[in-house]
Amino acid sequence: MTRLAVEGLTIRLPKGADRPHAIEDVTLSVAAGEILCVVGESGSGKSVTASAAMGLLAPGLAIAQGSMTLSGEDLRAKSPEAWRAIRGRRIAMVFQEPMTALNPLMTVGRQIGEMWRVHMGLDAREAERRALAALRGVNLPDPEGALRAFPHELSGGQRQRVMIAMALALEPEVLICDEPTTALDVTTQAQVLALIKELQRRHGTAVMFITHDFGVVAEIADRVAVMRLGRVVEEGTAREVLTAPQHEYTRALLRAVPALAPPVPRALSPDPVLEIRGLTKTYVSRGLFRRRKPVRALDAVSVTLRRGATLAVVGESGSGKSTLARCVVGLLGSEGGEIRIDGAPLPTRRRDAARLVQMVFQDPYASLNPRRRAGAQVAQGPIAAGTPRAQALRDARALFAMVGLDPEAVNRYPHEFSGGQRQRIGIARALAMKPTVLVADEPVSALDVSVQAQVLALLRELQDRLGLSILFITHDLRVAAQLSDEVAVMRNGVVEEAGPIGEVFAAPRSDYTRSLIAAIPGRAMFAG
Amino acid sequence: MRALKAYLRSPAALIGSVILLAVLVMGLGAAWFYPNDPLGLAGRPLQWPGQNPRFPLGTDPSGRDIAAQIVHGARISLLIGFVATSIAVVIGIAIGSLSGFYGGVVDTVLMRVTEAFQTLPNFLLLLVLVAVFGSTIHTVTIAIGIVSWPPVARLTRAEFMTLRTRDFVQASRVQGLGDAHLILREVLPNALPPVIVYASVVMAVAILLESALAFLQLSDPNVPSWGNLIGLGRNVLRSEWYVSAIPGLAILLTILGVSLVGQGLNDALNPRLASGR
Amino acid sequence: MRILRLALRRLAASLPTLLLILAGMFLLLQLAPGDTVDALMAQMGGGDAALAEDLRRFYGLDVGIAAQLWNYLTRLATLDLGFSAIYGKPVATVILERLPPTILLMVSALSFAFFFGLLLGVLAARRVNRWPDTLISTLGLLFYATPSFWFGLMAIVLFSVYLQWLPAGGFYDITMGYTGLAAVLDIARHLVLPTLTLGLIFLAIYLRIMRASMLEVLSLDFVRTARAKGLTETRVVARHVLRNAMLPMVTLIGLQAGTMLGGSVVVESVFALPGLGRLAYESVVQRDLNTLLGIVFVSALLVIAINFVVDILYARLDPRISAES
């Protein structure tokens, strides 16, 4: 039985936007007991569709035409008050960012309890009793404690469980999930996906699941709708869409999904270019009258990067992989151990270290100064190192061409570039110093999947051409498999296991590596 | 360019600019409008506005022309406002940027000093400074600048603290650039817009502080200050209240102009807040 | 317990600040031409050098500056603020006599500004960019631009001279000799205009901050969550937005405590209130530096005390506050 049906829905964008409609002529439906995945890259209109179904369109957006029905009832005909009574009770929603989606000043128990108090008029005691039962239902380790906890006392995965408990509190007919696992670590993501699937099956809920990740689609979808620039370009059962995609765009998206199969092993140079031995780093919160609670971010870490090769450092948040990257480029000091490049210790002077190691950063929007021209930011390093200004600017143009940008673009400001182009500028900036070692800290995790593939291809090409040695930091095993020769798996500041990537993936020695590989969504579908 | 267009679209900014421009014209042209000493005897004391066409705004208890004092007072208010604000902004940016960029011990020490200034009521500190160094127009202006910098320092520090960890600053660091480049070329240009907007608040407060000081007859008695005139009018408040009322309106309009310009700058420079959502 | 520990830690952190202020002020006043003895002798109508020397020895002014500073600080530790030559009493006594009107004025002005600032800020944010918002925001701008002493004078002209509703100045009416409730009401009547005068600019600031803060919080994710839960708009604002939006206002009280105390100097002298601010003004005019230094000390204590209360309040409102430190 169809629970939620959207037909011919068109939503107008405010004047001055890059296109007239956020979504155009979108038709979708979800039946009871079914999971519909709506897939698309950023700007595809998938989140707007979800907000429209909740009646929570952002200000400035308006429905131009089309209809929405909930179990046969026309939603657009409802008064605002009637629609409000439906929200939460008959259609519920789970959002992307678990860190900000809960009120920081209210206990978890009261936030969940609000569902019964508002919709059913229950008293505080009864609402609390039911909130406790709901927290038990989402398998939180300590439901009584969670009930009285404030959101900041829970981890991201725990908060997302709380959000799910809250959304399913009144057993709604329809549950809309807007990228609910995107901000989570891969093992947590696997648990949350399993939880959603289990609860959906138990209650027969119709689920509309919005995601950009085909791995997640393969994991949980019954049916799939692919959106692009506000339109549905393809729709069908999960099997049809994933194995025999009809639309060219779907095919391109599927091709861009990195396969887990590592590349054919290359002959590696026996010569180490970067050696890290027993590196230890502890964070201490400092302050005159504050308590100190040290956190060990790196605990005697030893890894080796061979000349001309790529070493992937893989781990979940808090594993210490980013701290390692920042130590290697000299942004952070360490307490113990050593970092050697070409056999010599990493110099402490910033200018000397700059010629040996360079870094590509994660967020392409934060890694360029918005108020300076792109070319100047690429050239400033060589200029500081003594290259004449005109020469450095000429080199910057050549570098722009090398990373696939128009050399004339050196005179533009960062906001005139797309995310993928900015990441190319970041790579050009790092290469301008002609470094011995390139550290790439999650260089593609903020990019759409199709752009991700292009940037990875660029890195691989540059490595072949320039013989770069790359320390590649990532949380994503599939991305690591794309261009790494060797891999080191980190957890809680310790290297769990290291070795040639093919061997580690085929026969992991550590339980943790095994669980990481098992948690990759859509593993069976995208084995390569 | 985009910022300028946004600025001109805002009605608040337009009204504010017009008011401020009028005050500026008054101040700059004061010697041309009223070439005689505004503090000299002009006619019979306490003539109501409109009573005598020679004195459109009337005369004060000493028989001085109120209109002349208002026009010349504009120059004093703007001058004190502008110079004191510059002093406060320069000190504030210097302390705030060092504190925010380096953190650690530098931050602790500089913030203790800032806190000390903020714990002390600023008007009280102003009184002490005037008591110690006397009340010429120069000392008063400098004293106002000295009591006004702490909020600027705090704002600059907060901006620096978020900006210094941004990837583009880290990237410049990795490129081997020195601290001076990082502070002046990377962080400061991005930290400046909110500080510029806040400068309008500093200027409004500076003008208010001077007029309050002059009202208490603790500012320079030898310059035609609006606050001075309000203080003089106090003695005849019960009957000739216009003597106090007119200069007060002048202060109100000037502060209003400064605030509106600040609001327009804010809308233009921080577009995210401007939309109101 | 957690909250108290946190606030006490902050209180301890303000001790060096206090020391810094006192040492700075003491040294600053050394630069002033003439000391207490000069002021005293001027009041006595002159005297010879021997008398001045005796007096200097009596007041401890005959030793080096460092020693004088040390003596001053050690005496402060026992709350001995020295002797006011002008008033002929210990400074502590003079200040204590003048403290109640100032505290009363500050509490009432703060309550007035906070309450109405909150109310108007919420109203403006709920009707953003429509006429109630425009009206409230314009009023806020006007209030902000009004010099407090001028507003006070104009209020006296209107309410005391023409309408004769309220007294023009003073703390209470000496001639009537009220007692009990009548005396309280009399003081309240005398405080209406000073409260409005002092509170006006803070009302403008609070309403602007509250409006901005409401708009900021309304755009946050958890408000979207609350709406998705099907809460009424009133409940969303009352239960989820308001408390979050109040946090910057509470911070502001602490930051502006000093400014408000400074403002009371002007307001007290407009309304002839016998408070700390007026005392500060008088000691500047009469060059009574001992008293001025005492006032600075007491004002700093007052500001620190207000910040202590604000810290406790903030920690009660925001459970995250201790987790971060």
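The legends below describe close-up views of a predicted model.

The model is predicted, local features need pLDDT of at least 70, side-chain atom pairs count only at pLDDT 80 or more, and totals for chains, interfaces and linings use all residues. Residues are numbered from 1 along each chain as its sequence is written, chains are lettered from A and ligands numbered from 1 in the order in which they are written, and side-chain values use heavy atoms, with hydrogens and water left out.

**View 1. The two domains of chain A.** Domain 1 covers 1-90 + 207-255 and domain 2 covers 272-285 + 292-514; the bounds come from an automatic or database domain assignment. Their C-alpha centres lie 37 Å apart. Five residues of domain 1 are in contact with four residues of domain 2 (contact: heavy atoms within 4.5 Å). About 410 Å² is buried between these domains, with carbon and sulfur atoms giving 36%; buried area is the accessible area (1.4 Å probe) that two parts lose on being put together, summed over both.

View 2. One salt bridge is found across the interface of domain 1 and domain 2 (a side-chain nitrogen of Lys or Arg within 4 Å of a carboxyl oxygen of Asp or Glu). A:Arg478 forms a salt bridge with A:Asp213, with 3.4 Å between the closest N and O atoms.

**View 3. The salt bridge of A:Glu173 and A:Arg90.** The closest N and O atoms of this pair are 2.6 Å apart. A:Glu173 sits in the loop between α6 (156-167) and β7 (174-178) of chain A, and A:Arg90 in the loop between α2 (80-86) and β6 (91-94), so the pair ties together parts that are 83 residues apart in sequence. Helices (H or I, at least four residues) and strands (E, at least two) are DSSP runs, numbered from the N terminus.

**View 4. The interface of chain A and chain C.** Here 29 residues of chain A are in contact with 25 residues of chain C. The buried area is about 2500 Å², and carbon and sulfur atoms give 61% of it. Two salt bridges are counted between these chains. C:Arg235 and A:Glu114 meet in a salt bridge through their side chains (3.2 Å, N to O). On the side of chain A that touches chain C, β6, α3 (108-119) and α6 each supply at least two residues. The largest share of that side, six residues, comes from α3(A).

**View 5. The bend in helix α7 of chain B.** α7(B) bends by about 35 degrees at B:Trp149, and B:Pro150 follows within four residues. The bend is the angle between axes fitted to the seven residues ending at a residue and the seven starting there.
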